[in-house]
Amino acid sequence: MKITAIPQLYRNLKRWREILAVLRRYGLADWLSRYQSLPFRDSFKDSSGVPLSQYSSEERVRMALTDLGPTFIKLGQILAARPDIVGPQLGHELKRLRADVQPDAIEKVRETLTMELGEQYLSQFQFIDPKPLATASIGQVHRATLNDGRRVVIKVQRADIERTVRQDMEVLGGLAQLAERVEGFAAWGPCQMVSQMSTMLQRELDFGRERQNLEVFAEMLSSQSTKVVIPKPVRELCTRRVLVMDELAGEPLSKVLLESHHGGVLTVDACLDGERHQLSESIARIYLTMIFDEGLFHADPHLGNLLLLSDGRLGILDFGMVGRIDETLRESIEEMMGCIATGDQNRLTRLIRRIGDAPPTLDESLLAIDVAEFVGTYGRQHLSDFDLTGALNELSDILHRHVIKLPSQSALLLKMLISLEGTLRELGAGFDSLDIVHQFVRKSMLRRLSPRRRVRQARRIYLEAEHFFEVVPDEVLTLLQQARRGEMRLTLEHQRIGPTVNRMVLGLMASAVFLGSSLLLAMKVPPLLFPEQSVLGMKEMSIFGLVGMMMSFSVMMWLLLAINRSGHLTRSNED
C-alpha cells in the first residue's frame, strides 16, 4: 500500500470496520456450513432468525451485499451482468438484488428540489405527492402534477448518496488492490473492474444522462410509436440530481402477472388472451431493433421496467443504464449465431477468443472441446425447441471456466438477452422468438453485403491506407536518424523476476549473517553462554553468534522449502 493512501484509509476507517464485520460474519457462516457436526454452525442468523448456514453460498453473497448498502448493491447488480466473471449461478442470484432501503423524508426531498430547481420550484407544480411511488438505492420517485395539468413523476436523488458512493468506491479500490495480490482474483483484474464500476455509477448518479437517453430512445423508436412509448422529460425541470418526466398510465407487467396468478380482476387471460402473442412479439422486435439496427439498447428489460398501457402499447422505464455496440461487435455476434446454426465449432472458438480477453494460460484444446460440446447441444436444436436462455448461460459458463473476460458492453448485451428471454417466458409468449432473431440476422447479413456498405468499407480502407503511407516514412526516417546519432533506446521489461530476485537477496543476507555469526562464535564475543565446559564440549559460546546462526539456518531452510514448492529445485527450468 502506498504512503499516500494512508490518509484515505484513516478517513474511511469506520466504513472499513463495518465492511469487514459483515464479510467476517457471512464468511464464517459459509465456512461453518461445510461442517454438519459442529454444534455452533447455526450461531449466525439473519434478521428473521433463520441460520445463515441454511442458505446457499450464492444467497449468502447476495445477503452480504444487501447488508453492505447501496454501493455494494449496485456492485452486485453490475456483476449480475457479468456471468462470464461470477458464473451463471451467482449471476442469476445477484439479479434478485433489490435495495431494501427506507425512503428519504419528504423534507429532504424538498431540500434537494430547492437546491436544484430554486426557491420558487413549487410555483411550477400544482401538487407533489409526499408518498414515494418507488424507492431505489440511488433515488426515489414521486407523482406530481404541473401547472398545466400534465401528470409527471419526479425522480430525486437520495440525500448524501454521492458522498456514500465516493467513500465506498475508495474502500472498494483498497479491497481491489489487495485482491490483485491473490492469484485466483488477479486474473480478473479487480482494479480495472472497480474503475469500470466507478465510471458506471458516476453515470447513474448523473440524471442528466438519463434525460438524454430518454430523448435519444424516443427519437430512435419514433417509427414504432404505435407499439412503444418512452417517457418524455420536462427539460426545464431536469438537473443532475432531479429528473421530471411524463407519467405513463399503465401497470407494470410484473404486477399484471402477479394479479393473474392470484385471481385478481386484472388477469392475463382477460387482458392479454388475444394480445399476448402480439405484445411478446412487439417486445422482441423492439429490443432486437435496438441491437441490430441501432446498436443502442435498453439494458434492463425486466418485467418491472415494462408497462402495459391502457391503450395496449408498451411503456419502457429506467434508462439509467444503456448499452452500445459498434458495428464490428454486431457483426461478430451475427457470425457467432451463424456458426452455431451451421455447427462450425472452429470458427466459433476463434470468434470467442477474438471478442473476449483470454488469459495467457488459456488451454485452447479444452476450450475447443467445450465449444464443440456447446455446438453439439444447441446447434442441432429446432428453432421451436431452442433454449436461448440455456444457450446463453452455457456460453457464460464456458467463458467463466476459461477465465475469458468479455468487454463490458458485450457482457451487458449478454445480460440483456438473458433478461429479455426470461421476460418473454414469463409472458408465456406463444411464438418462436429465435425465428425473429434469425430474421434480424438475415437482414443484417444482407445489409453487410449491400453495395453501399462495400463502398463505405472501401473508402475507410483507402483513408486508413493513405494515413499509413503518410505516417510510416516519417517514422522510419526518425528511427534512422536516432540510430545514426546513437540516441536509440531499447527498454526491456522482465516478467515475474521479482520473487527470484527477492529470494536471491534474502539468501545473500542469510549467508552474510551466517558468516558474521561464525566470526562472533570464533572470537567469543560477549555476552557468553557456558563459561565452564558443558555437554558436547560447548564453552564460552557467544549469544549473538548463536542467535545469528539459528536465524540464518531458519531462513535457509525456508528458502529451500519455497524453492522446492515452486518445482525448480531438481527440475530444469524450461520456461
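Student: Which residue lies over the face of phenylalanine 207?

Tutor: This is a predicted model, in which local features need pLDDT of at least 70 and side-chain atom pairs count only at pLDDT 80 or more, while totals for chains, interfaces and linings use all residues. Residues are numbered from 1 along each chain as its sequence is written, and side-chain values use heavy atoms, with hydrogens and water left out. A charge sits over a ring if NZ of Lys or CZ of Arg is within 6 Å of the ring centre and within 35 degrees of the ring normal. At 5.1 Å from the ring centre of phenylalanine 207, the residue is lysine 155.

Student: What kind of aromatic pair do phenylalanine 217 and phenylalanine 319 form?

Tutor: Rings of Phe, Tyr and Trp (its six-membered ring) pair if their centres lie within 6.5 Å, with planes under 30 degrees apart counted as stacked, over 60 as edge-to-face and the rest as tilted. Both phenylalanine 217 and phenylalanine 319 are buried, meaning under 20% relative accessible area, whereas exposed is over 50% and partly exposed lies in between (1.4 Å probe, protein chains only). With 4.9 Å centre to centre and 50 degrees between the planes, their pair is tilted.

Student: Is phenylalanine 469 buried or exposed?

Tutor: Phenylalanine 469 forms an edge-to-face pair with phenylalanine 468, at 5.4 Å centre to centre and 80 degrees between the planes. Phenylalanine 468 has 48% relative accessibility and therefore counts as partly exposed. Because its own relative accessible area is 60%, phenylalanine 469 is exposed.
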